[in-house]
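Me: I am new to this structure and would like to learn how to read a few of its features. Could we go through them one at a time?

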Amino acid sequence: MDLVKLKITLSQLEVLNQVFSHLNYHIQDAKVLRSILLPVAIKLATKAVNAKPSKKTFKISIKYHEAYYMHRFLSIYFDATSLGEYQKNAVRSIYNQLDQILA
């Protein structure tokens, strides 16, 4: 199975954890999104707890299908909610990275 490597900063990781706290969001295919993204959310939360404060980027490897549904969830979430400018930029950055990898 192909792995997708994301390069993210600690601050982007914190925003992702906030976004993934809304996995119960009522959207089409919500059960599929939750079942696939819950392990990713746990992995990100664990990484955030264990990460040392730094401005460096670090890599997180996720499976291709997880990256696909993460990309889909971020696009739906981004359009359906009101985020602050910093959160929008962090989500957009990760979304664009996934977009390039999945293309």
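Me: Are F20 and F73 buried or exposed?
Reply: Burial is judged by relative accessible area, where buried means under 20%, exposed over 50% and partly exposed in between, with a 1.4 Å probe and protein chains only. Here F20 is buried, and F73 is buried too. Please keep in mind that this is a predicted model, in which local features need pLDDT of at least 70, side-chain atom pairs count only at pLDDT 80 or more, and totals for chains, interfaces and linings use all residues. Residues are numbered from 1 along each chain as its sequence is written, and side-chain values use heavy atoms, leaving out hydrogens and water.

Me: How many aromatic pairs does the structure hold?
Reply: Rings of Phe, Tyr and Trp (its six-membered ring) pair if their centres lie within 6.5 Å, and planes under 30 degrees apart count as stacked, over 60 as edge-to-face and the rest as tilted. The structure holds 2 such pairs. F20 and F73 are stacked, at 5.8 Å centre to centre with 15° between the planes. This pair links distant parts of the chain, since F20 sits in helix α1 and F73 in helix α3 (residues 64-80), 53 residues apart; helices here are DSSP runs of H or I with at least four residues, numbered from the N terminus. Y68 and Y69 form an edge-to-face pair, 5.1 Å centre to centre with 90° between the planes.

Me: Why does Y69 count as buried?
Reply: Y69 counts as buried because its relative accessibility is 18%, whereas Y68, at 40%, counts as partly exposed.

Conventions:
Helix = DSSP H or I, 4+ residues; strand = E, 2+ residues; numbered from the N terminus.
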